[in-house]
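Student: I have just opened this entry for the first time. Could you walk me through it?
Tutor: Gladly! Here it is.

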Amino acid sequence: MDQYLGYAGYGMEYLRDTGYSIDQYLRDTRYNVDQYLRDTRYNVDQYLRYTRDNVKVDQYLVSPLVVWVICVLCVSGLLGFDAYILRRKYRSKVKRFIQQTRAVINDFRSARYYKPWNSAKPIIVTTKKQIQELSEASQVLSQRAVYADMFGFKHTLNGYDHHEVNTAKSRLFGRLLQVQGTANLPKVFPFLTKRLNESLGVQLRQGKLTPNGISLPVANTVRVLASRLMGVTFFGENLSADPKFADALLRHPKDMVSCLAAFQVTPGFLSSAVHSLITRGGQSQKLILSKLAYILGPGYESWDEPLPLKELTFAWNMVQLTRDNPYWTSSEQLAQNLLGAWFAAAHQPWMNLDFITLSLCVHPEIQDALREEIGDLEGLDYERLQNMPLLDSFIKETVRLHPLDTMAVRRKALKDYTFVGGAPFVKAGSTVCVSSYDKMHDDIDYPNPNSYQPRRFLDTRSPVRGTKFTDVSEKFPVWGFGSLACPGRFHASIVIKLILVHLIMKFDLRLEDEKARRLWSWETFTMPYESTRFVLKART
Ligand code: HEM
């Protein structure tokens, strides 16, 4: 009641303040009340009838706000307002964050974050005479010490002695790989072709089916193919097909590169623990070494590989070539060195193959030109594959523009050293090398050096005309120089070529995403991204 009187008081105050007459108010109210009653009666009937008939629909109708919000969202969505609002406020940040996270994960998976070289800048020599001297002064300027420091051979190659100055190992590698190995290549060729067909089949079955063909990661595919083929030349068909051994052969070089990364940021006394952590206690290294020590020692004769191929493998011939040499004392020592050669053979060819495959993907016209040169896979033998000038020139030009390392012929001075003529002086512990980038961008040898010319080595009038991919020269120092130049380059070349011609003849190659990142560089190195995918469309 008190409350009511209070409202009445406010009402009188309102009438006084506004000058609104009571008559007017009553007239309005009467009218409104009639109207209200009429309307309410109608609505009550209507409402009762409606509720009886359709209770569910009513739930939506009583929420016109919901309907309105949905309509607004639909219309604004169609017009792109939501994207606009998100972009303005959060979208760019969220998108950038997701992109950066993806890039970091991608970089780690591709081992991008290793620091492959210590920060001291190497001394660069330029003249042919100096390069010759650099390559041959092995008593002071050590090739192996550079790689041993870089990859931590002490851990990754089971205590490999890298500060030695004798050349027994290099002589063995030269005879085993370059002389005998190359002579055997035509006979090994059919086994390589067979292995390629099997391994390619396995890779294709693991690919992702898309409307345009089979999608596969470029890096992993070519790495596996190169490793499987190289395995045949080293260890024969049977051992290299053993799943555990084959997996270890693939993993050990990857482990070494990961260790290389980690060792750059690890204090020396922790290296052993870090190595153990990364390589799961050196699992793959131990497995390979124990198998090799067996086939190079007690199991040499009984080792399970049919003779025609067995006698052509590096493993078999390594024993033959070291039998009467007092330097080689045990099968464990041989095993360790064969593993060293395996690392040299396994970690570079696939990267070259990756860059070359990427180039093919973005240049379908080169695929067509090469198909014309290759002709047919039927009856393809070593001789014919070696005689494809366009293929050779295309590979060499791609490697020239994308070398894995812009430095070559790296040597570490074991003592102070002065080059003939008084300069440069190299302090013990420093590194000397050649800039392969400068050499391969010299505009006399390579006119218009930045342009990509797959026919360059066929068409040019410069001094590099007619030179082959495997030729060792200071104008193309990717293989090193002089007597220590890579002894496995003929194997690298034949494996790369064989895989390429099969891919080109069987498929049309293209990138799954043309905008995807393909290569990254760090210091003097260029590496492939693991995530880049290509699509293989079978040719009819
Ligand atoms: C595209 C692939 C390859 C590239 C770019 C490459 C490059 C090199 C380079 C630059 C050197 C050091 C030369 C020096 O510093 O003077 C080297 C050494 C070596 N390479 Fe290769 N290589 C490749 C493939 C292979 C293959 C397939 C094998 C084995 C079949 C192999 C076996 C070796 C060995 C054993 C050494 C050490 C030689 C020694 O200690 O005297 N390489 N390679």
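Student: Leaving aside its neighbours within four places in sequence, which residues is Ala-408 in contact with?
Tutor: Keep in mind that this is a predicted model. Once the neighbours within four places in sequence are set aside, the contacts of Ala-408 are Cys-433, Val-434, Ser-436, Pro-477, Val-478 and Gly-480.

Student: In which strand does Ala-408 lie, and is Ala-408 buried or exposed?
Tutor: The strand that holds Ala-408 is β5. A residue counts as buried if 20 or more other C-beta atoms lie within 10 Å of its own. Ala-408 has 25 such atoms within 10 Å, so Ala-408 is buried.

Student: How far apart in space are Ala-408 and Val-434?
Tutor: In sequence, 26 residues separate Ala-408 and Val-434. From C-alpha to C-alpha, the distance between Ala-408 and Val-434 in space is 5.2 Å.

Student: Let's turn to the ligand. Which residues come nearest to the ligand?
Tutor: There are 27 residues around the ligand. Of these, the ones that come nearest are Ser-170, Ala-345, Gly-480, Cys-486 and Gly-488.

Student: Which element supplies the largest share of the shell around the ligand?
Tutor: Several elements each supply at least two residues of this shell, namely α7, α9, α16, α17, β5 and α23. By class, the shell divides into 16 nonpolar, 8 polar and 3 charged residues. The largest share is 4 residues, and the element they come from is α9.

Student: Now the helices. How are α10 and α11 oriented to each other?
Tutor: Helix α10 covers residues 218-241 and helix α11 covers residues 243-263, and their axes come within 10 Å and cross at roughly 140 degrees. Angles over 145 degrees would count as roughly antiparallel, and 65 to 115 as roughly perpendicular. The two helices α10 and α11 are therefore oblique.

Student: Which hand does the crossing of α10 and α11 have, and how many nonpolar residues are in the contact?
Tutor: The crossing of α10 and α11 is right-handed. Among the residues making the contact are Val-224 and Leu-239 of α10 and Phe-245 and Leu-249 of α11. The contact of α10 with α11 has 3 polar residues and 1 charged, and its nonpolar residues number 7.

Student: Which residues of α12 make the contact with α11?
Tutor: The axes of α11 and α12 (residues 271-278) come within 10 Å and cross at roughly 140 degrees, and this crossing is right-handed. On the α11 side, the contact is made by Asp-255, Ser-258, Cys-259, Ala-262 and Phe-263. On the α12 side, the residues are Ser-271, Val-274, His-275 and Ile-278.

Note on methods: Residues are numbered from 1 along each chain as its sequence is written. This is a predicted model: local features need pLDDT of at least 70, side-chain atom pairs count only at pLDDT 80 or more; totals for chains, interfaces and linings use all residues. Axes are lines fitted to C-alpha atoms, for helices over the stretch in contact, and angles run from 0 to 180 degrees between N-to-C directions. Angles under 35 degrees count as roughly parallel, over 145 as roughly antiparallel, 65 to 115 as roughly perpendicular and the rest as oblique. A crossing is left-handed if the near helix is turned anticlockwise from the far one by less than a right angle, and right-handed if clockwise. Two residues are in contact if their C-beta atoms, placed from the backbone, lie within 7 Å. Ala, Val, Leu, Ile, Met, Phe, Trp, Tyr, Cys and Pro count as nonpolar, Asp, Glu, Lys and Arg as charged, and the others, Gly among them, as polar. A residue is near a molecule or strand if its C-beta atom, placed from the backbone, lies within 6 Å of it. A residue is buried if 20 or more other C-beta atoms lie within 10 Å of its own, exposed if 12 or fewer, and partly exposed in between; C-beta atoms are placed from the backbone.
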